[in-house]
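Reader: Can you walk me through this one? I'll ask as we go.

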Amino acid sequence: MANTICHFEFMSTDPAKSRDFYGKIFDWKFDDSMMSGYTMIQTGSDLGGGLMAKPAEAPAPALNVYIYVDSIEATLAKVRSAGGKIIAEKTPIPNIGAWAMFLDPDGISVGIFEEPKK
């Protein structure tokens, strides 16, 4: 599998304001029906995104990207050996896949996503 970007995500201090802002600029559509507290962003292309309130433990509002991987466990092992820091272990999303997040040596957060095993 190619390790391509598959999803982006805004963590905002005011999701309603962010939704209005990005909707006006990019004409994106928004869907709140998938899960509570998380808005899916429909960009009009295969690459979609999400919008959520910034968790209290997050240091600042952010734009995150998620990259497809074959195995979250194998990728997190590589992150550890390369000097990165895991900030979210593998977390399943029922019927969708699983995600995790790490910091690179500069502290930049990167998300990874694994599709369900067939």
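Reader: Is Asn95 buried or exposed?

Author: Asn95 counts as exposed, at 82% relative accessibility. Exposed means over 50% relative accessible area, buried under 20%, and partly exposed in between (1.4 Å probe, protein chains only).

Reader: Where does Asn95 lie?

Author: In the loop between strand 6 (85-93) and strand 7. Strands (E, at least two residues) and helices (H or I, at least four) are DSSP runs, numbered from the N terminus. Phi of Asn95 is near 65°, a positive value in a residue other than glycine.

Reader: And what is phi of Asp27?

Author: Near 60°, again positive and not in a glycine. Asp27 sits in the loop between helix 1 (15-26) and strand 2 (29-35), and it is exposed, with a relative accessible area of 55%.

Reader: What are the ground rules for these values?

Author: This is a predicted model, so local features need pLDDT of at least 70 and side-chain atom pairs count only at pLDDT 80 or more, while totals for chains, interfaces and linings use all residues. Residues are numbered from 1 along each chain as its sequence is written, and side-chain values use heavy atoms, without hydrogens and water.

Reader: Now the inside. Which residues make up the largest nonpolar core?

Author: There are 10, among them Val69, Leu76, Ala98 and Phe102. A nonpolar core is a set of buried Ala, Val, Leu, Ile, Met, Phe, Trp, Tyr and Cys residues joined through side-chain atoms within 4.5 Å. Helix 2 (72-81), strand 7 (97-103) and strand 8 (109-114) each supply at least two residues of this core.
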